[in-house]
Structure formats: C-alpha cells, structure tokens
Amino acid sequence: MIRFDNVSKRYPEGRDALQAVSFHLPAGAMAFLTGHSGAGKSTLLKLIALLERSTRGQLFLDGENLSRTRRRKIPFVRRKIGMIFQNYRLLFDRTVFDNVALPLVIAGHRHQEIARRVRAALDKVGLLDKERALPVTLSGGEQQRVGIARAVVNKPPLLLADEPTGNLDPELSRDIMHLFEEFNRVGVTVLIASHDLDLIARLGHPQLQLHQGRLLTPPALEPA
Amino acid sequence: MRLPAPLHVYLLRHVQVALNSLGRLYRAPLASLMTAAVIGIALALPSALYALTVNLQRLGSQWDGGASLSLFLRQDVSLDQARALEKKLRQWPEIGRLRLITPQQALEEFRQLSGFGDTLDLLDKNPLPAVLAVTPAPGAADATAAAGLMQRLQALAEVDLAQLDLQWVKRFQAMVDLVQRAIWVLSGLLGLAVLLITGNTIRLEIQNRREEIEITKLIGATSAFIRRPFLYSGLWYGLGGALLAASLLALAFFQFSGPVRQLATLYESSFRLQMLSPSGWLALLLAGAVLGLLGAWLAVSRHLAAIEPS
C-alpha cells in the first residue's frame, strides 16, 4: 500500500526532516510510527498525503508514484486516504452529520447515498444519536470519533492518523485504538503516528521507529 | 462502475452551493447589504446618466422648435403669390407649422422692436421681403432632415434665401454626445470599482474561512469545489447590487417624472420622462452579475492557491 524508496525531505530552511527512509507497508497492514517529537513522524505522513513533496527518493501509494503526481491530481490521491488529526480538525459551524458527509459531498455522491453512508459511519463510531449536534457540544473523545467517521465514510483503503490520542485520556485512547483495529480487521491499511508507547506496546502491532529523520528498525511488516 | 456524479447530480450540487452561498449572505444581513449597497450605487450612477441621455435625445428630436427655417421670398413675389406658396407648402408632410409674415407685418414688427419707427417713415417703400417661417414636422426635426428640407425649399423659384437655424440643435447634439462619452468613462471606472469591492469582500471571506478551506483541501476537495461557493457569493453580491441600483433608478424616476411633466406642460410640450427599456433593465442586472462574478474570480484566483493545509 505504501512504499518508501530512499526518501529524504529537506525543508527550505535547511532542516533534514527525513533521511533515506525506506519501508514497505503492505495492503491490509496496521503499523505504528513512533519517535520523539521532531523525529519526522509528521513529515512522513505529510509526504504520503502530498502535503509536502519529498526532496529525494520515490514513494508509492497503492502503486502510484507520488513523486510524479501533478498538482491537479493531488485531491484524488487524498481521497484514497482517511486522515485523522490530533486536534480533530472539524468544522465547528456545521453539525456532526455535515462534518462526516463532507468527503462524500466533495466526491459528488447522491443525497440518499450520503445520508446512508454517513449514518453507517456514525454507527460504527457509536455516535449515531449525535448527528444533529454541533462539534463544540461533544467531548474530546467524541470529537475524535467524529473525525474518524469522517475519515472512513468514503471507504478509503488507507487510514493515516497523526497523534490521534494526543489530547485524550488513557481509557479514551484505548477505545480509539480499538476502533482503528476494527477498521484494520475489515481490510483497511492503518498507519498511526503516536508517542503513547505504553498503549502501543500493549496493542502489539509492528512499529516504524524514527530517530532524527532516520528509520531505526526496518521491520518486517506483515498484513495483520 | 457507476459514475458518482451524473449531470443532474452535478447541477443539483450547483443549486445547493448557490443557495448555500445566498444563505451565508442572509445570515450576515448588515454586512451583505452594505456591500450590495455600495455596488448598487456604483451601478446606479452610470445607469441614471444613461437614462438621462436617452431622454435628452428624445427631447431633442421631439421638440417642435428643434429647427426652424426662414424663407425670405424674392422682392418681386406678390402677396397673392406668397399666399399660394404658403398653401402649397402646407401639403408637404415634412412641414409642421407655417406662418406667412407679409412685408407690411414685418415692417410693423420691426418698427415696434427696433425703435427706429421715425426713421422708417422716411423710406418711400418697404424694403422688407415677405417671409415664410417654417417649423419642420416632429419626424423631420433633427439636423440632417432639416438640412435636407432646407435644400428643397431653397430650390423653389419664389425663394430668395432659405435660412436654417440649426445652431442650437447642433450644440444640443454635441452636448448629448459629450455626456454619452463621459458616461462610458464613468461606467468603466465604476465597473472597476464594483470589481474591486466584490474582490475585496470575497478576499475577506476567504480569510475568514481559511480553516474550512484547509480542511476541505485535506479531505481531497478540488480547486473547483473550493472555488464554487465564493464565486456564487460574488454573483449574488453583483446581482443584489444591480437589483438595488434598479430600485434606486425606479425611485428616482417616480420622484422626477411629475416635475418633468409639469415643466414640459409649461413649455407646451408633450414630453414625458421615460424609464429604461426592458433590455436596459436586463443589461443592468447582467452587468452586475458579471462584474460580481469577475471580482470574485479575481480574488479567488489570487488568494485560494495561497492557502495550503499543513
């Protein structure tokens, strides 16, 4: 699903965020991306979502060489990725339903189709009764579940999460991680950047460890 | 695979976005109204001037006194011959009013107006010719038609000199031309103002919705998708401004039509103030919509690309 071939990223100000990173995350796998802050976790995720472009090396998503993706095609790459953020990034002037519906609206689905899929996604994250609520009225854990529902609603083959539990207490964090495992069980590839090492250790998925922009342990990543 | 968006879904989406943009303006009524009002005033000014020149031109061609001709008959034409000529000319369709001034009448008039009465008594014979004062028919009162009429009258055997008083008709025409040119310049400038107003308003809107734009880009929205609501906002601003301009014009018309009619009556004219034609109204609305859309497009193309999620 994701393949990095000697990928380096140097920011314009001269900082080397990633240096010669190579790995392969097969379709259907679930892995954690770990490392201290500043180790390059966010940069790695940004390269996959084409929020940044690599300075050297090649990376592939679902067989497509992202180093060659034209600017106009970027939205269509992003539609294959469900993205989840530490600060949720919800639209606070819209209801839960409208937030979750956004990817489907962007993709231009029919109205009935949108309603059906949004309810299915909200059902999966356990928020079906909150579809008319505004995000501000929800707790942090609930907001993150809205974020996850939005990420999975158009059934992308890949989920990328950047510190999804960074703002949540341990119990909620565990619930969120279990939610990711459920999606992985039905075939979605999942890559989660996190520094919640205790939780990661207990879940027991392969880890990609970054240290100062380099991958420490090139692991054997197998489909779960 | 079934296409996700057949045409009717695409059109429905456009209608939804258009209504959404309208709803957004409606939820901030004061700010929206002020922007629309500025646009409205900017559009109303050239439109009002345009309506004014259209009316002036009608006035110029309608006015009975638009052009008048004086036919000085030859000295050897007798009074009977002059009367016969008068009768003949009355049959001409281009001639509106006709008045024969006999040499005797002309002398009397001259005596009264000039104050040389005593001096005139010294003359042993009346030196003044008979004169036919001709006013062209309303349809033949403009400069070219009047000049044509003059040439035909000059060719008559009885006529010594046909004199056309075109001066003020020409001056009037020149003034209308000048005002029309000024309107073009003014329209250009105010059109530019509308463009800038919408552009700036849309720029602010883009800045206010920065977070939303970033998120939708993250989720895979195309530029066209992100652009659309802003373009519709621009369209609504322009259209709203044009509607306001139209209302201002209508209001001004009702304010002025009474006094103008009164004035015209005092001058014994049937002139009535005329509003814009239906196509004129349509052009006003269209101009507003196009300028609004164009202004939004300028803002969008300049500022949307600068917003990239991180």
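This briefing describes a sheet in chain A and the overall build of chain B. The model is predicted: local features need pLDDT of at least 70, side-chain atom pairs count only at pLDDT 80 or more, and totals for chains, interfaces and linings use all residues. Residues are numbered from 1 along each chain as its sequence is written, while chains are lettered from A and ligands numbered from 1 in the order in which they are written.

**Sheet in chain A**

- Chain A holds an open sheet of four strands in the order E2-E1-E4-E5, with antiparallel pairing; two strands pair if DSSP finds at least two bridges between them.
- Strand E2 (16-25) and strand E5 (64-65) of chain A each have a single partner strand and stand at the edges, so one side of each lacks a neighbour in the sheet.
- Strand E1 (residues 2-10) of chain A runs antiparallel to E2(A), and six bridges join the two.
- Arg10(A) lies opposite Asp16(A), a residue of E2(A).

**Elements of chain B**

- Chain B contains 10 helices and four strands, where helices (H or I, at least four residues) and strands (E, at least two) are DSSP runs numbered from the N terminus.
- Read from the N terminus, the elements of chain B follow the order α-α-β-α-β-α-α-β-α-β-α-α-α-α.
- Chain B is more spread out than a compact globule, because its radius of gyration is 32 Å, well over the 19 Å that the globule rule gives for 310 residues; the radius is taken over C-alpha atoms, and the rule is 2.2 Å times the number of residues to the power 0.38.

**Dimensions and contacts of chain B**

- Along the principal axes, the C-alpha atoms of chain B fill a box of roughly 110 × 45 × 30 Å.
- Among contacts in chain B between residues at least 6 apart in sequence, 85% join residues at least 24 apart; a contact requires C-beta atoms, placed from the backbone, within 7 Å.

Methods:
Contact = placed C-beta atoms within 7 Å.
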